[in-house]
Amino acid sequence: MNFKQINETNGQRTYVVVLDAQEEAFSTLSNFATTYEMTAASVTAIGAFEKATVGWFDFASRSYRKIPVAEQCEVLSLLGDIATGDDGKASLHLHAVLGLKDGSTRGGHFIDGIVHPTLEVTIIETPAYMHRRHHKDLGIALIEL
């Protein structure tokens, strides 16, 4: 992974983060956000994965139904946010739309993806604090403003 801060204005910082082939995207971005103590940011990305997993949240079971994508796919859209989780670390909430070779798509909550050949990520960090709190009744963590 390589990154560069490309702008800072009034406490808002913009980073470009480029992931390399074979890196796992979700954990790499989580580690980046935690290392740089990000508490409020938006995330967008494009690129490709050799395989990935997205999910659909099933409220009845309070868990994600995993949707594996076991083939090369284009990251048509990966977007979401960063807040601080209950554990005090950066908490990412990302959704993805992945394009397959036949033109069909798979999408949902982004769980993981192995980069191939690259993932180009833009993170816009704001000088604010957002907290994502786990809601036992729902089984998910949501931002509290």
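**Where the chain begins**

Guide: Methionine 1 is found in the segment before E1, where helices (H or I, at least four residues) and strands (E, at least two) are DSSP runs, numbered from the N terminus. The model is predicted, so local features need pLDDT of at least 70 and side-chain atom pairs count only at pLDDT 80 or more, while totals for chains, interfaces and linings use all residues. Residues are numbered from 1 along each chain as its sequence is written, and side-chain values use heavy atoms, with hydrogens and water left out.

Visitor: Is methionine 1 buried, partly exposed or exposed?

Guide: The terms rest on relative accessible area, where buried means under 20%, exposed over 50% and partly exposed in between (1.4 Å probe, protein chains only). Methionine 1 has a relative accessibility of 33%, and therefore counts as partly exposed.

Visitor: Which aromatic pair does phenylalanine 3 form with tyrosine 36, stacked, tilted or edge-to-face?

Guide: Rings of Phe, Tyr and Trp (its six-membered ring) pair if their centres lie within 6.5 Å, and planes under 30 degrees apart count as stacked, over 60 as edge-to-face and the rest as tilted. A search of the whole structure finds 10 aromatic pairs. In the pair of phenylalanine 3 and tyrosine 36, the distance is 5.2 Å centre to centre and the angle between the planes is 65°, which makes the pair edge-to-face.

Visitor: How many residues apart in sequence are the parts that this pair ties together?

Guide: Phenylalanine 3 lies in strand E1 (residues 2-9), whereas tyrosine 36 lies in the loop between helix H1 (25-35) and E3. Phenylalanine 3 is partly exposed, with a relative accessible area of 35%, and tyrosine 36 is also partly exposed, at 34%. The pair therefore ties together parts that lie apart in sequence by 33 residues.

Visitor: Is the pair of phenylalanine 26 and phenylalanine 110 stacked, tilted or edge-to-face?

Guide: Phenylalanine 26 is in helix H1 and phenylalanine 110 in strand E7, 84 residues apart, and phenylalanine 110 is buried, with a relative accessible area of 1%. The ring centres are 6.3 Å apart and the planes stand at 50°, so the pair is tilted.

Visitor: Is threonine 53 buried or exposed?

Guide: Threonine 53 lies in strand E3. Leaving aside residues up to four places away in sequence, threonine 53 touches Lys66, Ile67, Pro68, His109, Phe110, Ile111 and Asp112, where contact means heavy atoms within 4.5 Å. Its relative accessible area is 12%, so threonine 53 is buried.

Visitor: Which residue does a cis peptide bond join to histidine 116?

Guide: Most residues other than glycine have a negative phi, and most peptide bonds are trans. Asparagine 10, which is not a glycine, has a positive phi of about 50°, and this residue is placed in the loop between E1 and strand E2 (12-20). As for the cis bond, omega is about 0°, and the residue joined to histidine 116 is proline 117.
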